[in-house]
Amino acid sequence: MKVGLFYVRLSPPRDARWYTHLAPMEYAALGALTVAAIHRVMPGVPVYHLTDEDTPPLAGVDHVVRRPILQRELMLQRVMHFAALPEGDWLWMDTDVILQRDVRPVFQHPRFEVAVTDRFLAMGLPPDAMILNTEMSQCYPYNTAVVFTRSRAFWQDVVRYYHERVNPIRYEWLGDQEAINGVVKSGNYRVLVLPGYLYNYVPTGATDDLSGKFGIHLKGSSKRSYCTQDSTLGHFSVLGAASGLSAGGGGGGEDGGHVSPDASTVPHVDLDRRGSL
């Protein structure tokens, strides 16, 4: 398995709309902690930084893949990056997702071509814990911050969908969500749906119980809630999620102190090629 992270350092005048919750250098520091967490819980798994021609590499990555990128088409360029890489088992993650546990057992499932996480955060939870009827969940039921794929053709179809069906005003933001969800729901690929509350968990505050979560998605304002800048060490500490990590470093033992489950213990729902349960 390989892990791909898309991160581009943005330039004025558009910085303000992107850097709402952290400053530009803080985003890079958080990305470096994402890399450190991957190395900690999955030693030996290579991490690829997909970027433009100018962005400095995130600390700790194993490979940097560069291509020219137009900032006004940032999310289109993201999926074009994915589509250009070789076939294989890939985990694509946003740079604000902190892994706490080894996710390689997901690839022990033989049937899927793409595995996504549900946005409802509801699988296995009581009804009063479900997040339903939000506009985002209705339009884009699968959050694309964590995607497992075996199929390069899937990403090529995402790029095709982008060009043919996504409004250009969403090329810079949300267009990737629309295109990936559209291809997932097309029925052309075997899809595994993983519970977002385990693999793509968005915390609500610094007191959340994060035990048992595979991936913590520090989305939106949770970035600031969970990250505190250490001015002495010059990096971020992610509170409660990956203690002991530092940018550019690993930490922990050989397996990061976590036991890897086998595929039979991974909660999931299989969709057939028609996109039905």
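In this predicted model, pLDDT (the predictor's confidence in each residue, from 0 to 100) stays under 50 over residues 122-133, a stretch with 18 contacts beyond four places in sequence, a contact meaning heavy atoms within 4.5 Å. The pLDDT is also below 50 over residues 229-236, for which the model has 14 contacts beyond near neighbours in sequence. The mean pLDDT of the protein is 76, and 65% of its residues reach 70 or more. Residues are numbered from 1 along each chain as its sequence is written.

Helix α5 (residues 152-165) meets helix α3 (residues 74-84), their axes coming within 8 Å and crossing at roughly 150°. Helix α3 is therefore roughly antiparallel to α5 (angles over 145 degrees). The crossing is left-handed, the near helix being turned anticlockwise from the far one by less than a right angle. Met75, Leu76, Val79, Met80, Phe82, Ala83 and Ala84 of α3 make the contact with Arg152, Trp155, Gln156, Val158, Val159, Tyr162 and His163 of α5. Eleven of these residues are nonpolar, two polar and one charged (nonpolar: Ala, Val, Leu, Ile, Met, Phe, Trp, Tyr, Cys and Pro; charged: Asp, Glu, Lys and Arg; polar: the others, Gly among them).

Helix α5 also packs against helix α6 (residues 175-184), with axes within 9 Å and a crossing angle of roughly 120°; the two helices are therefore oblique to each other. This crossing is right-handed. On the α5 side the contact involves Phe154, Trp155, Asp157, Val158, Tyr161, Tyr162 and Arg165, and on the α6 side Gly175, Asp176, Glu178, Ala179, Ile180, Gly182, Val183 and Val184. By class, nine nonpolar, two polar and four charged residues take part in the contact of α5 with α6.

Ten aromatic pairs are found in the whole structure (ring centres within 6.5 Å). The ring centres of Phe82 and Trp92 lie 4.1 Å apart with planes at 20°, so this pair is stacked (planes under 30 degrees apart). Phe82 belongs to helix α3 and Trp92 to strand β4 (residues 90-93), ten residues apart.

Key:
Predicted model: local features only at pLDDT ≥ 70, side-chain atom pairs only at ≥ 80, totals over all residues. Heavy atoms only, no water. Axes fitted to C-alpha atoms, helices over the stretch in contact; angles between N-to-C directions. Helix = DSSP H or I, 4+ residues; strand = E, 2+ residues; numbered from the N terminus. Parallel < 35°, antiparallel > 145°, perpendicular 65-115°, else oblique. Phe/Tyr/Trp six-rings, centres within 6.5 Å; stacked < 30°, edge-to-face > 60°.
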